[in-house]
Amino acid sequence: MKVVVCVKQVPDTKGGVKFNPDGTLDRAAMLTIMNPDDKAGLEAALRLKDQYGAEVTVVTMGLPKAEEVLREALAMGADKGILVTDRVLGGADTWATSQTLAGAIRNLDYDLIITGRQAIDGDTAQVGPQISEHLGIPVISYAQNIKIEGDSVVVERQYDDRYHVLKAKMPCLITALAELNEPRYMTPGGIFDAYKSEITTWGRADLKDVEDSNLGLKGSPTQIARASDKVRKGQGEKVTLDASESVEYIMNKLKEKHVI
């Protein structure tokens with residue numbers, strides 16, 4: 001079994017975020033981490049490796065420093081790391097990002113592709129399903145449990161206060177929730193080996209069946225109109241009432257806002 005995991009290096013929001021003049025994130029100037037949903041997807045792939053001997057290849061698109069999350073993945077137990085980086089790919093929205101990743105994945109053999117549900121810097125939950133559409137394979141999103149049955153994958157898909165059980169023949173793409181599992185720690189030996197391992201680097205020329213018009217900022221149908229740090233909320237309204245008046249006051253406010 002061959003499993004491809006897509007991961008993303010995202011800003012560590014505890015350290016604050018910075019923006020470029022065009023409204024895109026200044027990723028080079030921020031502390032970064034592996035996206036939590038992606039890390040759960042990586043852990044799911046590593047458990048398939050433990051159970052079935054699967055080969056796990058991790059792919060990321062980003063600046064050269066995104067190599068850091070690939071080495072973290074290798075230190076956790078992944079077999080290969082591929083960095084897709086090129087100046088022409090910068091500023092990509094979800095459409096251009098998914099086109100880029102699909103173009104890279106077309107170079108690989110795979111039975112299963114695992115991505116995170118969404119990235120904490122965008123929260124769109126679009127890239128995984130878009131990759132599956134570009135590759136023409138089925139997708140099961142919001143996975144909270146994954147099992148393999150022969151040439152099929154069986155997934156518990158989170159849905160409100162319950163879950164669906166879906167089965168699809170591989171190749172298939174799954175988007176993982178952070179709640180899917182508890183990712184393992186890197187081992188000291190794994191860290192040592194990861195920094196001796198070679199990271200494969202691909203650029204624009206290595207992407208298969210992707211038009212230039214679908215890449216980077218110029219190939220992105222959506223553009224950021226304005227970006228800013230979190231806006232501080234106002235102080236709000238403070239009132240002093242007895243118990244019965246408080247109930248009436250709260251009910252009236254809820255009706256005003258069409259909550260009830």
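Reply: Start with D151 and K169, whose side chains meet in a salt bridge at 3.9 Å, N to O. A salt bridge here means a side-chain nitrogen of Lys or Arg within 4 Å of a carboxyl oxygen of Asp or Glu. D151 sits in the loop between β7 and β8, and K169 sits in strand β9, so the pair ties together parts that are 18 residues apart in sequence. Strands (E, at least two residues) and helices (H or I, at least four) are DSSP runs, numbered from the N terminus.

A word on the source. This is a predicted model: local features need pLDDT of at least 70, side-chain atom pairs count only at pLDDT 80 or more, and totals for chains, interfaces and linings use all residues. Residues are numbered from 1 along each chain as its sequence is written, and side-chain values use heavy atoms, with hydrogens and water left out.

Now the cover on each partner. D151 has 45% relative accessibility, so D151 counts as partly exposed. K169 is exposed, at a relative accessible area of 58%. The cut-offs are these: buried is under 20%, exposed is over 50%, and partly exposed is in between (1.4 Å probe, protein chains only).

Next, the strands around the pair. β7 covers residues 139-149 and β8 covers residues 152-159. They pair in the antiparallel sense over six bridges. Two strands count as paired if DSSP finds at least two bridges between them.

Q158 stands opposite Y163 in β9. This is a hairpin too, with two residues between the strands. D160 in the turn has a positive phi of about 50 degrees.

How many salt bridges does a search of the whole structure find? The count is 16. Another one joins E72 and K39, at 2.7 Å, N to O. E72 lies in helix α2 (residues 67-76) and K39 in helix α1, so this pair ties together parts 33 residues apart in sequence. E72 counts as buried, at 18% relative accessibility. K39 counts as partly exposed, at 24%. Elsewhere, salt bridges link E43, R47, D50 and R184 in a network.
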